[in-house]
Amino acid sequence: MRAILSARNTILAVLLGASSAFFALPLAGGVSSASAASVAGLPDFTDLVERTGAAVVNIRTTERVKNGQGIPGSDDEEMQEFFRRFFGVPMPPRQQPAPRNRKPGPQQDEEVQRGVGSGFIISPDGFVLTNAHVVDGADDVYVTLTDKREFKAKIIGVDKRTDVAVVKIEGSNLPRLTIGDPGKLRVGEWVIAIGSPFGLENTVTAGIISAKARDTGDYLPLIQTDVAVNPGNSGGPLINMRGEVVGINSQIYSRSGGYMGISFAVPIDEAVRVADQLRATGKVTRGRIGVQIGEVTKDVAESLGMPRANGALVQRVEPGGPAEKGGLEAGDIILKLNGINIEKSSDLPRLVGAIKPGTRATLTVWRKGAPRDFTLTIIELEPEKTAKKEPKKAKPEQPANALGLVVSDLTEAQKKELKVDGGVIVDAAEGSAARAGLRPGDVILQLNNTDVQDAKQFNVAVSKLDTKKAAVVLVRRGEASQFVPIRPNGQ
């Protein structure tokens, strides 16, 4: 090895000597200062870690089982957390050796390791934020500070929808993190994560904000980063360069189970909003209005005369729900809630969920070419009802129209079941209609902002369409409605 290194150094010396004139000018000029400036511009996290690290805690959870029963693989804490978090199942069981020379008698509970995670203190009296999946289902939770003090914690509340939990330890004058504003984050700015990946306490990793408001759930617009996060980091803080916590490290995108360059954090403002309710009542109450929604595409927006593609398309209105009582219908596009713009459909459940049940709210809706306001009362979120079966398919009895559709009138019984006054049922879909996704059994309620009364009126309207433009039909499938653009056959 030494001989190889010596030979390499000799070659480098010869090359540098032969090219001294080439290297001399740049080094004497701007390259040297530019390199120094580049190095000087790199972030130094040392002071930041010293200021914030003491408020970050290690969380371990245990479970009580009958003596000798054990928890499969309980000696591998990080693997337990790994399997639960990233695969949604417990670690596969191991074969336990049969106990020897056990005396007969009643079995006693035994405390065994269940998992590990991270968290951070948000108040001097010991309230700790972490992820719901870190502590949910645990019998006992232990919090360890950086000075090695360990506390038995009480679970104050858990919210699985946002993956946020609050636990409490008994203490005073404890170090705490300052809450930041995720709204001020900029893509590309530096952030750090502190936690206990694989049980390695007080591990610091750094990276940048990769994206903001990634939609991964109804109530969770996550912060995306490239900060290294692994099993055990869950629940730890994401900290900006001002020493403020801006998120709770919660998830990773991975095909291997380990870090692959993409991690996600719960925005701290969302987490604090949840934590406040957990601290006050032990649970989170959310509002709902009783609609099923979808995205508004560019084609649909243009066909309906909207200035731009925004809002949430009402696909289904829950019978007897607030939306139906307030006058909303399938095919409406919700543009605003209490004056706040709905840019994409995922904005609506977050805004509605944040409103206290019983509150009156105003919705601005796009209907038949113009905005209209509706007022309704928010009610408490509850499990969704099972959707009804689709209407039975019928056989075609006539040629397809210019959109590739064969339709027939709805029976009075079907109208009553669907709670509509008109519309037609699709008997067959071919050509453009089939390519657009329509199929037998679908119900068409509107054509280009005009209500469909029956098959005759619908076919006459289709025959008068501009063949150079796409038409948009409001299609009901089961209990959901969706605008579908269709270009006439041959276009």
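Trainee: Let's start with the second largest cavity. What classes of residue are in its lining?

Mentor: That lining has 4 nonpolar, 6 polar and 1 charged residues. Here Ala, Val, Leu, Ile, Met, Phe, Trp, Tyr, Cys and Pro count as nonpolar, Asp, Glu, Lys and Arg as charged, and the others, Gly among them, as polar.

Trainee: And what do I have to keep in mind about the model itself?

Mentor: It's a predicted model: local features need pLDDT of at least 70, side-chain atom pairs count only at pLDDT 80 or more, and totals for chains, interfaces and linings use all residues. Residues are numbered from 1 along each chain as its sequence is written, and side-chain values use heavy atoms, with hydrogens and water left out.

Trainee: OK, back to that cavity. Which residues line it?

Mentor: The second largest cavity is lined by V56, V57, N58, T144, L145, T146, I194, G195, S196, E201 and N202. A cavity is a set of points, on a 1 Å grid over the protein atoms alone, where a 1.4 Å probe fits but cannot get out, and lining residues have an atom within 4 Å of a point.

Trainee: Which element gives the largest share of that lining?

Mentor: Strand 1, with 3 residues. Strand 1 (56-66) and strand 8 (190-195) each supply at least two. Strands (E, at least two residues) and helices (H or I, at least four) are DSSP runs, numbered from the N terminus.

Trainee: What volume are we talking about?

Mentor: About 50 Å³ for the second largest cavity, and about 60 Å³ for the largest. A volume is the space filled by probe spheres set on the grid points, which are joined across faces, edges and corners. The count is 2 cavities of 30 Å³ or more.

Trainee: What lines the largest cavity, then?

Mentor: Its lining includes L304, D332, W366, R367 and F483. By class, there are 4 nonpolar, 3 polar and 3 charged residues around the largest cavity.

Trainee: Switching topic: how many helices and strands are there?

Mentor: The protein has 13 helices and 27 strands. Of its 491 residues, 44% count as buried, meaning under 20% relative accessible area, with exposed over 50% and partly exposed in between (1.4 Å probe, protein chains only).

Trainee: Which residues touch the most other members in the largest nonpolar core?

Mentor: Those are F120, L129, I248, V266 and I268, out of 26 residues in that core. Helix 7 gives the most to this core, with 5 residues. A nonpolar core is a set of buried Ala, Val, Leu, Ile, Met, Phe, Trp, Tyr and Cys residues joined through side-chain atoms within 4.5 Å.

Trainee: What does I248 touch?

Mentor: Not counting residues up to four places away in sequence, I248 touches several residues, including F120, L129, F264 and A271. Contact means heavy atoms within 4.5 Å.

Trainee: How about R316, buried or exposed?

Mentor: R316 is buried, with a relative accessible area of 13%. You'll find R316 in strand 16 (residues 312-317). Leaving aside neighbours within four places in sequence, R316 is in contact with G290, V291, Q292, E479, A480 and S481.

Trainee: Last one: where is P440?

Mentor: P440 is in the loop between helix 12 (431-435) and strand 24 (443-447). P440 is partly exposed, with a relative accessible area of 25%. The C-alpha atoms of P440 and V407 are separated by 8.9 Å, and these two are 33 residues apart along the chain.

Conventions. On a 1 Å grid over the protein atoms alone, a cavity is a set of points where a 1.4 Å probe fits but cannot get out, and a pocket is an open set with protein on both sides within 12 Å along at least five of seven lines; lining residues have an atom within 4 Å of a point.
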